[in-house]
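Keep the structure open while you read.

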Amino acid sequence: METIEGTTGRAPRPKILFGVPTAKDEAQSLMYFIYAQDKRELNWGERVYRALPGLKEKVFGATDKNEFFAKCREYVEQFQRDNEATIEGARVQFQKTWDEVGEKIFDVLDGEFETSLTKDVNANVSVNPICPRFLETQSFNVNFAFSLERAREPAIHEITHFYHFKKWAEVFPDADKKTFNTPHSEWRLSEILAPVMMTYNPAIQEIVGGKKFNTYKEWWEIKIGEKTLIEYFGDIYREHLDKKTSSADFLKKSWEEYQKHKDIIEADRKK
């Protein structure tokens with residue numbers, strides 16, 4: 001079994017840079033959640049519509065994907081104009097709040113995953129109430145209306161994903177990167193392990209004030225024996241911390257357990 005080795009020296013830490021995305025990028029992000037939503041792993045279309053009054057009426061009657069996108073973009077352009085000061089104010093405050101803890105978070109995740117991110121992360125201060133991440137561009141969305149505390153949580157969650165899949169590719173070099181996104185098992189495991197780490201890692205818990213985290217609520221009722229997914233994989237993670245096993249060993253063990261209980265973990269797909 002591999003063990004964690006200490007490292008000497010310190011690589012420059014990347015930063016999270018908060019910015020306001022273009023209306024085009026926002027429309028593309030919204031489209032993912034509201035166009036053909038019945039085909040998505042998790043159907044969050046109504047959540048988007050509730051957060052953005054008038055959007056559902058705006059896109060109603062669109063005859064194809066291109067028209068749907070054009071209507072989304074028009075909506076976002078108007079929304080950004082109407083709320084420009086509020087969105088920019090959120091961007092400034094999110095950046096300030098993150099900078100207070102960001103370096104420590106990167107230090108914790110460097111140690112946890114035994115690897116480092118090598119470029120800055122872009123955080124899009126978005127009108128979208130959902131906070132997707134984009135591995136290809138190492139970026140993610142955070143909603144402009146979030147409180148300062150609430151905005152910090154998806155930042156930690158999403159950069160944990162970036163570390164997770166960087167390490168995953170090192171541990172499983174033949175992995176197909178398309179499996180890093182929904183609806184694949186590798187994606188689902190990452191969505192379990194990110195809140196597990198945020199809940200049970202002592203250093204992260206100190207930063208977030210002891211707050212506990214969970215998977216998507218659609219998965220809350222899934223149990224392995226008598227344990228929820230967070231509890232089951234949390235036990236594996238705490239054993240990893242106690243025994244100081246390597247990040248590689250932890251990921252291999254988690255994947256082994258996931259495969260063993262895959263029929264239970266993915267039972268909702270059969271409904």
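How are H6 and H7 oriented to each other? They are roughly parallel to each other. This is a predicted model, in which local features need pLDDT of at least 70, side-chain atom pairs count only at pLDDT 80 or more, and totals for chains, interfaces and linings use all residues. Residues are numbered from 1 along each chain as its sequence is written, and side-chain values use heavy atoms, with hydrogens and water left out.

Start with that helix pair. Helix H6 covers residues 102-113 and helix H7 covers residues 148-171. Their axes come within 10 Å and cross at roughly 30°. Helices (H or I, at least four residues) and strands (E, at least two) are DSSP runs, numbered from the N terminus. Axes are lines fitted to C-alpha atoms, for helices over the stretch in contact, and angles run from 0 to 180 degrees between N-to-C directions. Angles under 35 degrees count as roughly parallel, over 145 as roughly antiparallel, 65 to 115 as roughly perpendicular, and the rest as oblique. The crossing of H6 and H7 is right-handed; that is, the near helix is turned clockwise from the far one by less than a right angle. On the H6 side, the contact (heavy atoms within 4.5 Å) is made by Ile-105, Phe-106, Leu-109, Asp-110 and Phe-113. H7 contributes Ile-156, Ile-159, Thr-160, Tyr-163, His-164 and Lys-167. By class, the contact of H6 with H7 has seven nonpolar, two polar and two charged residues. Here Ala, Val, Leu, Ile, Met, Phe, Trp, Tyr, Cys and Pro count as nonpolar, Asp, Glu, Lys and Arg as charged, and the others, Gly among them, as polar.

Next, go to H8 and helix H11 (residues 247-260). They pack at an angle of about 120°, with their axes 11 Å apart. H8 and H11 are therefore oblique to each other. Their crossing is right-handed. From H8, the contact takes Ser-185, Glu-186, Arg-188, Leu-189, Ile-192, Leu-193 and Met-197. From H11 come Phe-250, Leu-251, Ser-254, Trp-255 and Tyr-258. Eight residues of this contact of H8 with H11 are nonpolar, two polar and two charged.

H11 also packs against helix H10 (residues 229-243), at an angle of about 155° and with the axes 10 Å apart. H10 and H11 are therefore roughly antiparallel to each other. This crossing, too, is right-handed. Tyr-232, Phe-233, Ile-236, Tyr-237 and His-240 of H10 meet Ser-247, Phe-250, Lys-253, Ser-254, Glu-257 and Tyr-258 of H11. The contact of H10 with H11 divides into six nonpolar, three polar and two charged residues.

Two loops deserve a look. In the loop between H7 and H8 sits Pro-183. A cis peptide bond joins Thr-182 to Pro-183, with omega about 10°. Gln-138 lies in the loop between S3 and strand S4 (139-143). Its phi is positive, about 50°, although Gln-138 is not a glycine.

Now the open space. The largest pocket holds about 1,400 Å³. On a 1 Å grid over the protein atoms alone, a pocket is an open set of points with protein on both sides within 12 Å along at least five of seven lines; a cavity is a set of points where a 1.4 Å probe fits but cannot get out; lining residues have an atom within 4 Å of a point. Grid points are joined across faces, edges and corners, and a volume is the space filled by probe spheres set on the points. The pocket is lined by 46 residues, and the closest to its centre are Trp-44, Ile-130, Cys-131, Pro-132 and Tyr-216. Helix H1 (23-34), helix H2 (45-51), strand S3 (133-134), H7 and helix H8 (185-200) each supply at least two lining residues. The lining has 18 nonpolar, twelve polar and 16 charged residues.

The largest cavity holds about 40 Å³. Phe-18, Phe-94, Thr-97, Trp-98, Leu-148, Ala-151, Arg-152 and Ala-155 line the largest cavity. H7 gives the largest share of this lining, four residues. The second largest cavity has a volume of about 30 Å³. Its lining is Glu-149, Arg-152, Glu-153, Val-208 and Lys-211, with one nonpolar, no polar and four charged residues.
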